[in-house]
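Biologist: Hi! Could you walk me through this one? I'm new to reading structures.

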Amino acid sequence: MIITIDGPAGSGKSTVAKAVAEKLGFEYLDTGAMFRAVTLAALRAGIDLHDQQALSDLLARVRMEFSPGQVVLDGEDVSQAIRADNVSKSSSPIAESPVVRQHLAERQRQLAAGRNIVCEGRDQGTVIFPHAEYKFFLVADPMERARRRHRQLSQMGEEISLEEILKTQQERDQRDSQRALAPLKPAPDALVIDTTNLTIDEVVARIVDVVQGRLP
Ligand code: C5P
């Protein structure tokens, strides 16, 4: 069974998806981490992030391994490095790249095939798994989302002002929502949950209740 959880940055989807997977005994796929891994690889290789041929060559050359909570790039654990602010800032051209989306879409479908899995990202319910059994789309007030990201970055030792985070977040939301390929939007059959005033536990409980048939 496939459960998709999509939504903008800071809507709580990573934390929620992980917890839902754990409660249900499902596996978990963080597709944002995959786009981040390609972004980091491209930054390190010093290539033009808009050059489709260079991105295609890069994808053929690098080895990326994805397991829950861990990303390994050419043998190096980059699980922390992909969360850095410069990777977030540079991720838009990578997310807009047809070559990258095609490559990652195939890997996402392969990773999920035959499994009970919670897949989180932007396009999981719309493009990658249009026939998923359950689809959720998380939203939250932009200021609350920026506060969550600020806390997360502080815990990692990155001190960036709330204002700066809000600005980057707005730009990324806009590009994610307006791009031609796989834009950020709820699938017509997704249940939209506003997490602004809900705790993580409340969101998780609501999703688990729906999947287990206790809530419509
Ligand atoms: O979710 P996260 O912030 O880690 O995602 C990083 C970037 O990857 C997002 O800004 C988005 O542009 C892109 N992304 C995407 N499709 C997905 C997951 C992430 O375009 N399924």
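This is a predicted model: local features need pLDDT of at least 70, side-chain atom pairs count only at pLDDT 80 or more; totals for chains, interfaces and linings use all residues.

Biologist: Great. How many residues surround the ligand, and which are the closest?

Modeller: There are 16 residues around the ligand, and the closest are Arg36, Asp123, Arg172, Asp176 and Arg179.

Biologist: What does Arg172 do there, in terms of distance?

Modeller: One of its polar side-chain atoms lies 2.6 Å from an oxygen atom of the ligand. For Arg122, a side-chain N or O atom is 2.9 Å from a ligand oxygen, and for Lys13 that kind of distance is 3.5 Å.

Biologist: And how much of the ligand does the protein bury?

Modeller: The protein buries 97% of the 460 Å² that the ligand exposes when taken alone.

Biologist: Which elements give two or more residues to that shell?

Modeller: Those are helix H2 (31-45), helix H4 (85-95) and helix H8 (162-178). H2 gives the most, with 4 residues.

Biologist: What classes of residue are in the shell?

Modeller: It has 9 charged, 5 polar and 2 nonpolar residues.

Biologist: Okay, new topic. What's in the largest nonpolar core?

Modeller: That core has 36 residues, and Met64, Ile94 and Val100 have the most contacts inside it. H2 turns up again as the element that gives the most to this core, with 8 residues.

Biologist: Which residues does Val100 touch?

Modeller: Leaving out residues up to four places away in sequence, Val100 touches Phe35, Val38, Leu55, Leu59 and Ile94.

Biologist: What other core lies apart from that one?

Modeller: A core of 19 residues, including Ile3, Ala17, Ala21 and Val208.

How values were computed
Residues are numbered from 1 along each chain as its sequence is written. Side-chain values use heavy atoms; hydrogens and water are left out. A residue is near a molecule or strand if one of its heavy atoms lies within 4 Å of it. A polar contact is a pair of N or O atoms within 3.5 Å; within protein, one must be able to donate a hydrogen and the other to accept it, and residues adjacent in sequence count only if both atoms are side-chain atoms. Accessible areas come from the Shrake-Rupley method with a 1.4 Å probe; for residues, only the protein chains shown count as cover. Ala, Val, Leu, Ile, Met, Phe, Trp, Tyr, Cys and Pro count as nonpolar, Asp, Glu, Lys and Arg as charged, and the others, Gly among them, as polar. A nonpolar core is a set of buried Ala, Val, Leu, Ile, Met, Phe, Trp, Tyr and Cys residues joined through side-chain atoms within 4.5 Å. Buried means under 20% relative accessible area, exposed over 50%, partly exposed in between (1.4 Å probe, protein chains only). Contact means heavy atoms within 4.5 Å.
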